[in-house]
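Please look through the chain shown here before reading my points, and keep the view open beside the text.

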Amino acid sequence: MDSPRPSLPCPFAKVHPSQLRRDDEFYMWLAYNEAIAAWQEDEVPIGAIIELDGKIIAAAHNQRDSTRDPTAHAEILALGQAAKAVDNWRLTGATLYVTKEPCPMCSGATLMARLKRVVYAVPDAKMGCLGGAVDLNTLPQSNHRLTITRGLLEKPCLDLLQAYFQLKRKED
């Protein structure tokens with residue numbers, strides 16, 4: 001096995017939102033912090049938080065490269081943590097906060113997990129499947145529907161992603 005990849009210096013600082021207002025923005029800032037943690041591990045900076053009844057039951061970031069696992073997306077890892085936390089694969093009533101619109105795999109997993117809501121920052125017109133390229137949430141055959149909130153903290157999350165890829169291109 002190769003030695004761990006060196007971390008890329010991240011010019012972005014983690015944000016410490018007030019615990020007094022646990023609203024959508026609060027949880028998205030925590031997902032943003034997870035994205036910074038991904039960057040620091042030289043992973044694509046995408047972070048996810050799952051909240052249920054005001055409690056954080058999962059926090060994860062991309063780990064595809066470090067684990068060599070194509071399914072180790074922030075959302076999938078967070079869904080697994082959340083299922084363990086509540087001892088049930090059905091995450092009814094839970095909300096996923098993620099810094100980029102989920103891909104086909106992750107969008108399908110959110111539906112299968114029966115989440116109540118998905119809140120994402122950056123839309124993805126190429127691979128996003130909750131309104132970007134397609135919307136799996138509108139499949140007529142589906143027996144579950146998510147409530148979707150798009151674009152929350154889009155600018156800081158987009159700035160983070162764009163800066164990461166600009167630095168990676170310079171590195172190559």
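Predicted model: local features only at pLDDT ≥ 70, side-chain atom pairs only at ≥ 80, totals over all residues.

1. Residues are numbered from 1 along each chain as its sequence is written, and side-chain values use heavy atoms, with hydrogens and water left out.

2. The chain has five helices and five strands, where helices (H or I, at least four residues) and strands (E, at least two) are DSSP runs numbered from the N terminus. Read from the N terminus on, these elements follow the order α-β-β-α-α-β-α-β-β-α.

3. For 172 residues, a compact globule would have a radius of gyration near 16 Å, and the 15 Å of the chain agrees with this; the radius is taken over C-alpha atoms, and the globule rule is 2.2 Å times the number of residues to the power 0.38. The C-alpha trace spans about 45 × 35 × 30 Å along its principal axes.

4. Of the 172 residues, 46% are buried, a word that means under 20% relative accessible area, whereas exposed means over 50% and partly exposed lies in between (1.4 Å probe, protein chains only). Among the contacts in the chain with a separation of 6 or more, 58% join residues 24 or more positions apart, a contact being heavy atoms within 4.5 Å.

5. A pocket here is an open set of points on a 1 Å grid over the protein atoms alone, where a 1.4 Å probe fits, with protein on both sides within 12 Å along at least five of seven lines; lining residues have an atom within 4 Å of a point. Of its 17 lining residues, Val44, Ile46, Lys100, Leu161 and Phe165 are the closest to the centre, and helix 5 (residues 154–171) gives the most to the lining, with six residues.

6. Pro11, in the segment before helix 1, counts as exposed because its relative accessibility is 60%. The C-alpha atoms of Pro11 and Ala82 are separated by 30 Å, with the two residues 71 residues apart along the chain.
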